[in-house]
Amino acid sequence: MYTIMRQSIVLTALLALVLCGAYPVAVTALGRALFPEQATGSLLTSGDTIIGSKLIGQPFSGPRSFHGRPSAAGQGYDAMSSGGSNLGPTSAALAGRMQERAALLRRENPDAPLPVDLLTASGSGLDPHISPEAARFQVGRVAAARGLSPQSVSELVERHVRKPELGLFGSDRVNVLELNLALDGMRP
């Protein structure tokens with residue numbers, strides 16, 4: 001019996017060392033070697049200050065910035081509470097939220113069709129991207145608030161449209177943080 005117990009303890013310790021030590025260290029080292037930017041969080045900096053990550057959405061409000069998708073993560077864009085609202089398509093609360101968002105968006109741009117990604121939150125609540133249509137929808141508001149021509153802001157949006165990965169995976173998208181940083185560099 002002691003032999004079986006000793007073998008079990010030795011095997012458990014060995015597996016713990018490999019699976020809880022060696023394997024995570026090897027995968028982390030490989031990730032940093034092959035994908036250094038992504039492995040460190042794809043952080044954007046200004047000088048020595050970290051502004052944000054290309055991979056995690058941030059709240060932007062006010063007329064001078066492009067806004068991302070609504071977030072249901074905690075109080076909004078809370079990485080510690082990542083997740084959707086879990087409200088289903090027949091939920092009265094979800095319908096009410098979408099009607100409120102639609103009313104606000106219609107005041108901003110009454111004649112344009114409403115982009116669905118400005119009405120609905122993403123599954124994680126931390127989506128850093130919006131569709132090109134959602135970015136184009138906001139051009140008039142941002143241009144007016146910053147004293148820029150709508151054409152110059154539209155051109156900036158088009159320069160920030162990213163195509164699907166490998167031409168296959170995903171859809172066209174615009175990173176809101178990168179777009180707003182580029183917008184901050186424009187002069188009226």
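1. Start at Val 153. Beyond its neighbours within four places in sequence, Val 153 is in contact with Phe 66, Val 139, Val 142, Ala 143, Leu 148, Leu 183 and Met 186. Keep in mind throughout that this is a predicted model.

2. The largest nonpolar core has 22 residues. Those with the most contacts inside this core are Phe 66, Ala 135, Val 153, Leu 179 and Leu 183. Helix 3, helix 4, helix 5 (150-159) and helix 6 (176-184) are the elements that give two or more residues to the core. Helix 4 gives the most, with six residues.

3. Next, helix 5. Its buried residues are Val 153, Leu 156 and Val 157. These residues lie on the same side of helix 5, because they cover an arc of only 100° around the axis. The face turned away from that buried side carries Gln 151 and Arg 159, both exposed.

4. The largest pocket has a volume of about 380 Å³. It is lined by 19 residues, and the closest to its centre are His 67, Gly 68, Pro 70, Arg 101 and Leu 118. Helix 3 (92-108) and helix 4 (132-146) each supply at least two residues of this lining. The largest share comes from helix 3, with six residues. By class, the lining of the largest pocket has seven nonpolar, six polar and six charged residues.

5. The second largest pocket holds about 160 Å³ of space. Glu 37, Gln 38, Ser 42, Lys 54, Leu 55, His 129, Arg 162, Glu 165, Arg 173 and Asn 175 line this pocket. Helix 2 (36-39) and strand 5 (173-175) each supply at least two of the lining residues. By class, the lining of the second largest pocket divides into one nonpolar, four polar and five charged residues.

6. How many cavities of 30 Å³ or more does a search of the whole structure find? The search finds one. The largest cavity has a volume of about 50 Å³. Its lining is made up of Ser 53, Ile 56, Gly 57, Gln 58, Phe 60, Gly 68, Asp 127, Pro 128, Asn 175, Val 176 and Leu 177. Five of these residues are nonpolar, five are polar and one is charged. Gly 68 lines the cavity and is among the residues closest to the centre of the largest pocket. Asn 175 lines the cavity and also the second largest pocket.

7. Leu 105 sits in helix 3. Is Leu 105 buried or exposed? With a relative accessible area of 11%, Leu 105 falls under the 20% cut-off and is therefore buried. Leaving out residues up to four places away in sequence, Leu 105 touches Leu 114, Leu 118, Leu 119 and Phe 137. Of these partners, Leu 118 has already come up as one of the residues closest to the centre of the largest pocket. Leu 105 and Thr 3 are 102 residues apart in sequence, and their C-alpha atoms are 71 Å apart in space.

8. Arg 97 is also placed in helix 3. Its relative accessible area is 38%, so Arg 97 counts as partly exposed, between the 20% and 50% limits. Not counting residues up to four places away in sequence, Arg 97 touches Ser 85 and Leu 87.

9. Last, a loop residue. Ser 131 lies between strand 3 (129-130) and helix 4. Ser 131 is buried, because its relative accessible area is 15%, and the cut-off for buried is under 20%. Setting aside residues up to four places away in sequence, Ser 131 touches Asp 117, Asp 172 and Val 174.

Methods:
Residues are numbered from 1 along each chain as its sequence is written. This is a predicted model: local features need pLDDT of at least 70, side-chain atom pairs count only at pLDDT 80 or more; totals for chains, interfaces and linings use all residues. Side-chain values use heavy atoms; hydrogens and water are left out. On a 1 Å grid over the protein atoms alone, a cavity is a set of points where a 1.4 Å probe fits but cannot get out, and a pocket is an open set with protein on both sides within 12 Å along at least five of seven lines; lining residues have an atom within 4 Å of a point. Grid points are joined across faces, edges and corners, and a volume is the space filled by probe spheres set on the points. Helices (H or I, at least four residues) and strands (E, at least two) are DSSP runs, numbered from the N terminus. Ala, Val, Leu, Ile, Met, Phe, Trp, Tyr, Cys and Pro count as nonpolar, Asp, Glu, Lys and Arg as charged, and the others, Gly among them, as polar. A nonpolar core is a set of buried Ala, Val, Leu, Ile, Met, Phe, Trp, Tyr and Cys residues joined through side-chain atoms within 4.5 Å. Buried means under 20% relative accessible area, exposed over 50%, partly exposed in between (1.4 Å probe, protein chains only). Contact means heavy atoms within 4.5 Å. The arc is that of the directions from the helix axis to the C-beta atoms.
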